[in-house]
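Student: I have a structure on screen and want to understand the terms used for it. Can we go through them together?

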Amino acid sequence: MATDVAGYSRLIGADESGTLQALKAIRAELIDPTIASHNGRLVKTTGDGLLVEFGSVVDALRCATEVQTGMAQRNAPTPADKRIEFRIGLHQGDVVIEDDDIFGDAVDIAARLEALAEPGGVCVSARVRGDAAGKLDLAFEDMGQQQLKNIARAVRVYRMRADRVSGCRQPTPHCATRQAVDCGVALRQYE
C-alpha cells in the first residue's frame with residue numbers, strides 16, 4: 001500500500017507548522033493504529049507518503065478503507081482548502097526484502113496506482129480486485145488498462161467506489177445514478 005498527501009506542498013506552503021502537527025496527530029490517532037489492527041507493517045515514510053506491507057490483500061483493503069473513512073470524518077468540518085487528504089494505491093505481488101525495506105516491481109506499481117488515485121481515493125490493480133472478490137463489500141470502477149510511468153506492461157486499474165468507502169453523504173455531479181441507487185445518496189469524498 002502506497003499513500004501520499006494530495007496537495008502537500010500547497011498545505012506546507014500555507015501553514016508548515018500546522019500541517020506537520022496535523023499529520024503527526026493523524027498518524028498517531030488513525031493511520032498507525034489502523035495499520036497495526038490489520039496486521040500491516042509500515043516499511044518507510046517518504047515525507048508525506050507511506051509504504052506499508054500486508055500479508056493479505058483483504059487486510060490491505062480494509063486498512064485503506066478505514067483510513068479513508070476516518071479521514072473523511074476528520075475532514076468534514078474543515079474547509080476544503082485546508083483538508084489533508086490521502087491518495088492510496090494497492091498492488092499485490094512479490095517484493096525484494098533488503099534490511100527492513102522492500103523493493104521491486106510490485107512496490108513501483110503500488111506507487112503509480114497511488115498517483116492515479118484522486119484525493120480521498122483508492123486505486124487498485126486487477127490482482128488486488130481479483131483477490132478480494134467476494135470477500136469484502138466493496139465496489140470498483142474499471143479505469144481500463146493504464147500505462148504506468150516506468151512500468152513495462154500496462155496494468156488494469158480499478159478505482160474503489162466512494163459510496164463503498166465511507167458511507168453516504170451528498171451527491172455531486174460526478175456520482176453516477178447507480179451509486180445513488182446503491183446507497184440512497186452517494187458520497188464523493190474526492191473533492
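The dialogue below takes the terms one by one.

Tutor: First, the ground rules. This is a predicted model, where local features need pLDDT of at least 70, side-chain atom pairs count only at pLDDT 80 or more, and totals for chains, interfaces and linings use all residues. Residues are numbered from 1 along each chain as its sequence is written, and side-chain values use heavy atoms, with hydrogens and water left out.

Student: Why is Cys-63 called buried?

Tutor: Buried means under 20% relative accessible area, exposed over 50%, and partly exposed in between (1.4 Å probe, protein chains only). Cys-63 has a relative accessible area of 0%, so Cys-63 is buried. Cys-123 counts as buried too, at 1%.

Student: What makes a set of residues a nonpolar core?

Tutor: Its members are buried Ala, Val, Leu, Ile, Met, Phe, Trp, Tyr and Cys residues, joined through side-chain atoms within 4.5 Å. The largest one here has 32 residues. Met-1, Ile-31 and Phe-86 are among those with the most contacts inside it. Helix 3 (57-75) gives the most to this core, with eight residues. Helices (H or I, at least four residues) and strands (E, at least two) are DSSP runs, numbered from the N terminus.

Student: Which residues is Met-1 in contact with, leaving aside its neighbours within four places in sequence?

Tutor: Contact means heavy atoms within 4.5 Å. The partners of Met-1 include Leu-50, Phe-54, Cys-63 and Leu-90.

Student: How do you know that the length of helix 2 agrees with its residue count?

Tutor: The expected span is 1.5 Å times one less than the number of residues. Helix 2 has 22 residues, so it should span 32 Å; its end C-alpha atoms are 30 Å apart, which agrees.

Student: Where is the kink in helix 2 centred?

Tutor: On Arg-27, with a kink of about 45°. The bend at a residue is the angle between axes fitted to the seven residues ending there and the seven starting there.

Student: What makes Asn-39 worth a look?

Tutor: Most residues other than glycine have a negative phi. Asn-39 is not a glycine, yet its phi is positive, about 60°. Asn-39 sits in the loop between helix 2 and strand 2. Its relative accessible area is 58%, so Asn-39 is exposed. Asp-99 is not a glycine either, and has a positive phi of about 55°. At 74%, Asp-99 is exposed.

Student: Why is the pair Arg-74 and Glu-29 called a salt bridge?

Tutor: The rule asks for a side-chain nitrogen of Lys or Arg within 4 Å of a carboxyl oxygen of Asp or Glu. In this pair the closest N and O atoms are 3.0 Å apart. Arg-74 lies in helix 3 and Glu-29 in helix 2, so the pair ties together parts 45 residues apart in sequence. Arg-74 is partly exposed, at 32%, and Glu-29 is exposed, at 53%.

Student: What is the closest N and O distance for Glu-118 and Arg-159?

Tutor: 2.8 Å, and this pair forms a salt bridge. Glu-118 is in the loop between helix 4 and strand 7, Arg-159 in strand 9, 41 residues apart. Glu-118 is partly exposed, with 23%, while Arg-159 is buried, with 15%.

Student: How many salt bridges does the rule give?

Tutor: Nine.
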